[in-house]
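Subject: Model handover

Hi,

Here is the model for your files. My notes follow below it.

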Amino acid sequence: QVQLVESGGGLVQAGGSLRLSCAASGRTFSNYAMNWFRQASGKEREFVAAINWSSTRMYYANPVKGRFTISRDNAQNTLFLQMNSLKPEDTAVYFCGASRTYPQLENDYWGQGTQVTVSS
């Protein structure tokens with residue numbers, strides 16, 4: 001069992017930055033590829049970014065490429081998402097997930113989500 005807890009969300013103006021964190025506990029964090037998804041109100045959950053076990057491979061959804069950076073600290077069991085140049089369309093609940101497979105993601109565990117709101 002892996003417990004995931006996101007933090008760092010909030011309200012920010014367009015063009016601003018936020019850094020999300022996802023703290024993991026339970027089974028060995030480094031055994032999992034980690035990822036971020038988001039879900040805007042009234043829309044389906046969509047992929048944002050993923051990172052492999054050793055931080056040697058990352059990939060991003062097209063809407064966030066060049067603005068968001070995913071990273072992880074296996075010693076601290078924490079996943080991060082640095083979000084720069086935020087846009088109103090980035091407003092969503094952001095979820096972290098843990099997958100035993102990469103790059104095809106099949107999340108065994110999800111966090112509860114953290115709200116990000118970008119005002120225009």
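Which residues does Asp90 touch, not counting residues up to four places away in sequence? They are Arg38, Arg67, Phe68, Ser85, Val116 and Val118. Touching, or contact, means heavy atoms within 4.5 Å.

First, the ground rules. This is a predicted model: local features need pLDDT of at least 70, side-chain atom pairs count only at pLDDT 80 or more, and totals for chains, interfaces and linings use all residues. Residues are numbered from 1 along each chain as its sequence is written, and side-chain values use heavy atoms, with hydrogens and water left out.

**Asp90**

Asp90 sits in the loop between S8 and S9. Strands are DSSP runs (E, at least two residues), numbered from the N terminus. Asp90 is buried, at 0% relative accessibility. Buried means under 20% relative accessible area, exposed over 50%, and partly exposed in between (1.4 Å probe, protein chains only). The Asp90 side chain has a polar contact of 2.8 Å with the side chain of Arg67. A polar atom of the Asp90 side chain also lies 2.8 Å from the backbone nitrogen of Lys87. A polar contact is a pair of N or O atoms within 3.5 Å; within protein, one must be able to donate a hydrogen and the other to accept it, and residues adjacent in sequence count only if both atoms are side-chain atoms.

**Sheet**

Four strands form an open sheet in the order S1-S3-S8-S7, with antiparallel pairing. Its edges are S1 (2–7) and S7 (68–73), each pairing on one side only. Neighbouring strands are turned by 15° against each other on average, direction ignored. Axes are lines fitted to C-alpha atoms, and angles run from 0 to 180 degrees between N-to-C directions. S7 pairs with S8 (residues 78–83) over six bridges, in the antiparallel sense. Two strands pair if DSSP finds at least two bridges between them. Ser71 stands opposite Phe80 in S8.

**Core**

The largest nonpolar core has 28 residues. Such a core is a set of buried Ala, Val, Leu, Ile, Met, Phe, Trp, Tyr and Cys residues joined through side-chain atoms within 4.5 Å. Leu4, Met34, Trp36, Leu79, Leu81, Met83 and Tyr94 have the most contacts inside it. Strands that each supply at least two residues include S1, S3 (18–26), S4 (33–39) and S9 (92–99). Beyond four places in sequence, the residues that Leu81 touches include Leu20, Trp36, Val48, Ile70 and Tyr94.

**Disulfide**

How many disulfides does a search of the whole structure find? One. Cys22 and Cys96 form it, with sulfur atoms 2.1 Å apart; the cut-off for a disulfide is a pair of cysteine sulfur atoms within 2.5 Å. The pair links distant parts of the chain: Cys22 in S3 and Cys96 in S9, 74 residues apart. The link is right-handed, with 55° about the S-S bond. Cys22 is buried at 0%, and Cys96 is buried at 0% too.

Asn35 lies in S4 and is buried, at 0% relative accessibility. Its side chain makes a polar contact of 2.8 Å with the side chain of Asn107. Cys96 is among the residues that Asn35 touches.

Trp110 is in S10 (residues 107–110). Trp110 is partly exposed, at 36%. Leaving aside neighbours within four places in sequence, Trp110 contacts Leu4, Phe37, Arg45, Phe95, Cys96 and Gly97.

Best wishes
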